[in-house]
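Take a look at the sequence and the 3D structure below. Then read on for a short tour.

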Amino acid sequence: MKTPVYLDYAATTPVDPRVVEAMLPWLGGRFGNPASSHAFGRDAELAVVAAARQVAGLIGATPDEIVWTSGATEANNLAIFGAARAARDGRKHLVTLVTEHRAVLDPIAQLVREGFGATVLDVKADGLVDPAVFRAALRPDTLLASVMLVNNEIGVIQPISELAAIARERGVLFHCDAAQAPGKLPIDVRALGIDLMTLTAHKTYGPKGIGVLYVRSKPRVPIAAQIVGGGQQHGRRSGTLPVHQIVGIGEAFRIAGEEGAAEAARVRALRDTLRDRLCGIPGVHANGSFEHRIAHNLNISVERAGGEALIAALSDLAISTGSACSAAHAEPSHVIRALGRSVELADASLRITLGRWTTREDVEFASGRIAEAIARRRQDLYQ
Ligand SMILES: *Cc1c(COP(=O)(O)O)cnc(C)c1O
């Protein structure tokens with residue numbers, strides 16, 4: 001077993017070797033610009049269309065509803081700014097959750113500085129939003145609601161189809177950041193009843209730097225382009241298409257569709273072992289619902305062990321406190337705080353995320369190391 005053991009699949013994943021294999025020709029001999037009308041261009045265009053089918057196939061969409069972006073951050077920006085700037089009927093209010101990713105919260109905060117209004121909803125102690133609270137937040141001038149499918153820190157699954165139905169009733173557009181979802185649970189944009197959905201490759205064994213915004217075509221969702229130039233993608237997002245990246249996300253999502261369910265079942269058994277071992281230690285609290293949660297995530301807060309110092313003592317495990325992004329801010333996780341945990345417990349939270357190459361040996365090792373580190377920290381602090 002190689003250390004550090006990688007248990008941070010929610011931050012990013014290794015690229016699957018099959019994805020690398022699919023991408024390689026497009027970094028070598030096949031180089032055409034898919035916008036060109038000659039044979040080189042057509043070769044590239046066919047590869048892009050095939051990848052759009054693979055992505056659309058995973059989420060129950062059609063290929064024309066797939067807009068390529070540089071990742072989930074750009075897709076969220078395109079959904080939120082794009083919907084706000086295309087609004088024609090004077091609607092100027094947005095609704096989201098306090099536990100959303102920064103790539104949703106920050107564009108909304110930017111719109112608020114520009115004169116829009118926003119309601120940022122609290123979640124219950126289990127991390128889920130109450131649909132009645134969501135319903136009550138919608139106003140006659142609400143333009144867009146944005147709620148993630150799977151939370152990146154605690155792995156909980158929001159009741160999207162229920163929320164989207166409420167939004168639909170009120171004529172409110174519904175955007176869903178599903179960056180953490182492909183291969184973790186079945187996704188069907190029609191069954192969910194949503195208008196816009198964000199995806200990214202690098203959380204699902206694809207390359208970094210490529211993502212997707214699903215934009216419903218029937219009825220068409222009005223979205224103002226945020227990157228303008230050559231008019232590619234029917235003007236929805238300009239820029240020469242990165243064919244190697246697009247082929248990569250296509251293959252990654254094909255594999256997710258074919259192997260996701262079996263993978264989740266295998267990973268669930270490992271996660272549950274880890275949970276049972278760690279949550280059996282006094283003063284260790286699991287964060288977020290287990291009933292509505294992906295199999296790949298465990299998030300715990302540890303009492304009386306010191307946050308930073310505990311992580312420092314776990315240098316042979318690649319795990320994170322809160323999210324990788326909030327780690328850059330060096331503030332207690334806004335997600336764990338939203339569950340009603342104290343600053344101390346939010347500071348002492350560990351996110352452990354499992355994936356395609358996590359083994360039982362990894363999990364045994366990790367649970368042993370974490371238990372040991374907690375015991376040692378408590379001895380140092382309290383003896
Ligand atoms: C990782 C992540 C993002 C950002 O994705 P990038 O592709 O890295 O820009 C956005 N939202 C969620 C929920 C994520 O987990």
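This report covers a sheet, its cysteines and its aromatic rings.

## About the model

This is a predicted model: local features need pLDDT of at least 70, side-chain atom pairs count only at pLDDT 80 or more, and totals for chains, interfaces and linings use all residues. Residues are numbered from 1 along each chain as its sequence is written, and side-chain values use heavy atoms, without hydrogens or water.

## The sheet

Strands of a sheet pair through backbone hydrogen bonds, either parallel or antiparallel. Here, 7 strands make an open sheet with mixed pairing, in the order β2-β8-β7-β6-β5-β3-β4. Its edge strands are β2 (66-69) and β4 (117-121), and each pairs on one side only. On average, neighbouring strands are turned by 20 degrees against each other, direction ignored. Strands (E, at least two residues) and helices (H or I, at least four) are DSSP runs, numbered from the N terminus. Two strands pair if DSSP finds at least two bridges between them.

β2 pairs with β8 (residues 211-215) in the antiparallel sense, over 4 bridges. In this pairing, Val67 stands opposite Leu213 in β8. Helix α8 (residues 243-279) packs on the sheet and touches β2, β7 (196-200) and β8. Contact means heavy atoms within 4.5 Å. The direction of α8 makes about 100 degrees with that of β7. Axes are lines fitted to C-alpha atoms, for helices over the stretch in contact, and angles run from 0 to 180 degrees between N-to-C directions.

## Cysteines

Cys176 is buried, with a relative accessible area of 0%. Cys279 is partly exposed, at 29%. Buried means under 20% relative accessible area, exposed over 50%, and partly exposed in between (1.4 Å probe, protein chains only).

## Aromatic rings

The structure holds 5 aromatic pairs. Rings of Phe, Tyr and Trp (its six-membered ring) pair if their centres lie within 6.5 Å; planes under 30 degrees apart count as stacked, over 60 as edge-to-face and the rest as tilted. One of the pairs is Tyr9 and Tyr205, tilted, at 6.1 Å centre to centre and 55 degrees between the planes. Both residues are buried.

Phe134 and Phe174 form an edge-to-face pair, at 6.2 Å and 65 degrees. Phe134 lies in helix α5 (residues 131-137) and Phe174 in strand β6 (residues 173-177), so the pair ties together parts 40 residues apart in sequence.
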